[in-house]
Amino acid sequence: MSDGREMNDQLTADAVVCGWCGAEFDDPAERDDPQRDPDGDPICQKCYQDEYMYRCCLCGEWEDIEHQHNLLVVARPQGGCPQIRRGVYRIVSVPYYADGIIEWLLFADALKKICPLPKGIDTRGYACGHLCCECQEKVQGGKGVTS
Ligand SMILES: [Zn+2]
Ligand SMILES: [Zn+2]
């Protein structure tokens, strides 16, 4: 009987998987102390990035989602909103796009243009994107990030 209990303990200790996608953690350090979502469930790096981070459309770095909706990069103007042209906009109010179709319908009243499109943005990629904190500071001329 004691053997059975030990085996169960062993199973529990090894069964640390991502609570989102079910992937096992390969890194022993990650397995001992996994990153956790707000409910306390273990979450793998990939799921964490998908859910709580976004990718900067200028440098490609990942940034926490809380910094996402400061500025909006419009790489390609979209048909639903002819007033919005290429460039970087400060998001002055939310919502700034019609639910679910950010690529098409932006609200011109919610956006204030601050500078032209920075060099290095792929205009053939996503029509709209967001910048990491570092790139936000750069396009704002080092004036810092305001939320
Ligand atoms: Zn996962
Ligand atoms: Zn960046």
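This is a predicted model: local features need pLDDT of at least 70, side-chain atom pairs count only at pLDDT 80 or more; totals for chains, interfaces and linings use all residues.
**Notebook: sheet and core**

I started with the sheet: four strands in an open arrangement, ordered S5-S4-S3-S6, with antiparallel pairing. Strand S5 (111-115) and strand S6 (128-129) sit at the edges with a single partner strand each, so one side of each has no neighbour in the sheet.

Next I looked up how S3 meets S6. Strand S3 covers residues 71-74, and two bridges join S3 to S6, running antiparallel. I checked who faces whom there: Val74 stands opposite Cys128 in S6.

Then I stepped back to the whole chain. I have four helices and six strands on the list. Reading from the N terminus, I get α-α-α-β-β-β-β-β-β-α.

Burial was next. Of the 147 residues, 16% count as buried.

Which residues have the most contacts inside the largest nonpolar core? That core has 17 residues, and I noted Cys56, Leu71, Leu72, Val73, Tyr89, Leu111 and Leu131 as the ones with the most contacts inside it. S3 and strand S4 (87-91) each supply at least two residues of this core. The largest share, four residues, comes from S3.

Last stop was Leu72. What does Leu72 touch, leaving out residues up to four places away in sequence? I wrote down Tyr89, Ile91, Tyr96, Leu111, Cys128 and His130. General reminder for the page: in soluble globular proteins, nonpolar side chains tend to be buried together.

Methods: Residues are numbered from 1 along each chain as its sequence is written. Chains are lettered from A and ligands numbered from 1 in the order in which they are written. A residue is buried if 20 or more other C-beta atoms lie within 10 Å of its own, exposed if 12 or fewer, and partly exposed in between; C-beta atoms are placed from the backbone. Two strands pair if DSSP finds at least two bridges between them. A nonpolar core is a set of buried Ala, Val, Leu, Ile, Met, Phe, Trp, Tyr and Cys residues joined through C-beta atoms within 7 Å. Two residues are in contact if their C-beta atoms, placed from the backbone, lie within 7 Å.
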